[in-house]
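Hi,

Here is the structure I promised to pass on. Have a look at it first, and my notes follow below.

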Amino acid sequence: MDYLEQARILAPEWEAIREAIHRHPEPGNQEFHTAVLVEQRLHALGIRTERPLPTAVVGMLTGRFPGRCAALRADMDALPIREESGAAFASECPGLAHACGHDIHTAAALGAAGTEQGFAARNSPILFSAR
């Protein structure tokens, strides 16, 4: 399977993850549920993780070659704002919403991790945290 094919296969799952995160927004430094979801998904992909904080996750892609790498980082926190989108996956938490796009940011980083797994040239950290 090539890189693009793997991305196409995994895309519906990343969309579902984005919607789940969007439904359950958490304010900065209180992303406990989101951190657990991210860590579980990384483990399911075979990516080892570390938890430097209860609300932060670092996944480490294993590359094929030694040397310098680039890190990918995603914000997970939501804003203290009432959502009025009417979306089927709208926030279920009064006064909190992912109006900032961090739900997409987190899902996209998970998507990159899932797609890149097995293709990474170098060891690459993927950081998930609040701003």
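Is Arg41 buried or exposed? With 15% relative accessibility, Arg41 counts as buried (buried is under 20% relative accessible area, exposed over 50%, partly exposed in between, using a 1.4 Å probe and protein chains only).

Before the rest, some housekeeping. This is a predicted model, where local features need pLDDT of at least 70 and side-chain atom pairs count only at pLDDT 80 or more, while totals for chains, interfaces and linings use all residues. Residues are numbered from 1 along each chain as its sequence is written, and side-chain values use heavy atoms, with hydrogens and water left out.

Back to Arg41: its side chain meets that of Glu13 in a salt bridge, at 2.5 Å from N to O (the rule is a side-chain nitrogen of Lys or Arg within 4 Å of a carboxyl oxygen of Asp or Glu). Glu13 sits in helix α1 (residues 3-23) and Arg41 in helix α2 (residues 32-44), so the pair ties together parts 28 residues apart in sequence. Glu13 itself is partly exposed, at 29%. Helices (H or I, at least four residues) and strands (E, at least two) are DSSP runs numbered from the N terminus.

The salt bridge count is six. Among them is Arg82 with Glu84, closest N and O atoms 2.4 Å apart; Arg82 is exposed at 62%, and Glu84 is exposed at 60%.

On to the sheet. Four strands make an open, mixed sheet in the order β1-β2-β4-β3 (two strands pair if DSSP finds at least two bridges between them). β1 (48-53) and β3 (72-75) are at the edges with a single partner strand each, so one side of each has no neighbour in the sheet. β3 pairs with β4 (residues 124-129) in the parallel sense over four bridges, and Ala74 has Phe128 as its bridge partner in β4.

Beyond its neighbours within four places in sequence, Asp103 is in contact (heavy atoms within 4.5 Å) with Arg18, Ile21, His22 and His98.

Finally, the cysteines: there are zero disulfides, taking a disulfide as a pair of cysteine sulfur atoms within 2.5 Å. The sulfur of Cys93 is 13 Å from the closest cysteine sulfur, in Cys100, which is too far for a bond.

Cheers
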